[in-house]
Amino acid sequence: MLDKPMKILYLHQYFRNPEEAGSHRSWYIAQALQKAGHHIELVTAWSGKKYKKEQLEGIVVHYLPVSYQQNMFFWRRLIAFLSFFMKAFFLALRTRYDKIYATSTPLSIGFLAFLLKKIKKNNYIFEVRDLWPLVPIEMGFIKNNFLKKILFFLERKVYENAEKIVVLSPTMQKYVEEKVPFKEVVAIPNMSDCDFFQPIHKPHIRFRILYFGSIGLANKVEDFVELAVENPYIDFFLAGEGSHLAFILEKAKNLSNFSYLGKKNKVEIKELLQEIDAFFVSFANYKSLETSSPNKFFDGIAAGKMCITQTKGWLKELIEQEKCGFYVANSQEFAEKIRNFLENEKKLLFYQNNARKVAEKYFEKNKLCTEIVNLFDRNTK
């Protein structure tokens, strides 16, 4: 316990507690900071019509009324980002705190922390979950050159003024370090909850593969459907929601080996992972998305399941190096590689066991949370 704990303002627009579907990284971090002796006030958004304030196991959570859904398209999301920015700004002005922990996306969260630093003189640690504005620019959502220059300028200002920067992958770290080579940038990936997820191996008559999580343009879940089309002897399961869900379901409507299971919370995802053999991670073909640190990967390997991915980048290198999954460029390559596991149950079990070992060795939740707690230095405010 600290002699003089800090009061930390934690800014995360998409905060989810363990009972809700989505990423729980901020919940893990907030709990760890609290256990280290700090007082946490977390500011987030919810779909209700009024502001509310709750205590979750001692953590104060401010819920700001900002409508947001996974199926919103880009410009509608921007409106939600700006709405949260303004409401969080005025709340923070009325709140006393020692330091800010701000987690993106969007980039506006970082600019909010930057603006509050200028006004209230409190330092902030900035966590980069996705490379904004690079991702929406590469994907074609932002085309105006003047707007691009403004956004890259704001990105640099947010990085330059942060006390420290946390990124979620080694390739993100390289990108940010090139932007601000004088700044401390620490790579702390997403986390595997190895206490909650436990490896359970069940033999199945047919091989089972699960995709779970966001179903948007960036996720390119149509590749998952294509695998189902070309491999009718394998069962494919989809769980989640997003702006491209209707498109994906239309594409898969005549497939007898494809099932949509709806949106699932953490407990339900745990149950699903116990019933499958492998899980699928996919992204659209953009360099910026190869830096991603998708939550489904860390949950899947914690459950001891083999990972199959069609995206290049650090995850491809990791699963190939650690022999806990494989990369496929197309459905033909998938058919060739999956045959080894359909015909050799011992090899599948070997890869699944390796997946759990990778979760424990590199991404165990308590270990990574401790690394974040250690970033908070009492010598600076």
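These legends walk through a few close-up views of the structure above. The model is predicted, so local features need pLDDT of at least 70 and side-chain atom pairs count only at pLDDT 80 or more, while totals for chains, interfaces and linings use all residues. Residues are numbered from 1 along each chain as its sequence is written, and side-chain values use heavy atoms, leaving out hydrogens and water.

**View 1. An open sheet has eight strands with mixed pairing.** Strands (E, at least two residues) and helices (H or I, at least four) are DSSP runs, numbered from the N terminus. The order across the sheet is β3-β4-β2-β1-β5-β6-β7-β8. At the edges sit β3 (52-56) and β8 (185-187), each pairing on one side only; two strands pair if DSSP finds at least two bridges between them. Take β7 (164-167): its pairing with β8 is parallel, over three bridges. Look for Ile165, whose bridge partner in β8 is Val185. In general, strands of a sheet pair through backbone hydrogen bonds, either parallel or antiparallel.

**View 2. Here is helix α9 (266-273) with its buried residues.** Those are Lys266, Ile269, Leu272 and Leu273; buried means under 20% relative accessible area, exposed over 50%, and partly exposed in between (1.4 Å probe, protein chains only). Down the axis of α9, they fall within an arc of 115 degrees, so they line one face of the helix. That arc is taken from the directions from the helix axis to the C-beta atoms. They pack against α1 (25-35), β9 (207-214), β10 (234-241) and α10 (295-302); contact here means heavy atoms within 4.5 Å. Asn265 caps the N-terminal end of α9, with a side-chain oxygen 3.2 Å from the backbone nitrogen of Val267. (A polar contact is a pair of N or O atoms within 3.5 Å; within protein, one must be able to donate a hydrogen and the other to accept it, and residues adjacent in sequence count only if both atoms are side-chain atoms.)

View 3. Pro133 is in the loop between β6 (124-128) and α4 (134-138). Most peptide bonds are trans.

View 4. Most residues other than glycine have a negative phi. You'll find Lys220 in the loop between β9 and α7 (222-230), and Lys323 in the loop between α11 (314-322) and β14 (325-327). Lys220 is partly exposed, at 26% relative accessibility, and Lys323 is partly exposed too, at 42%.
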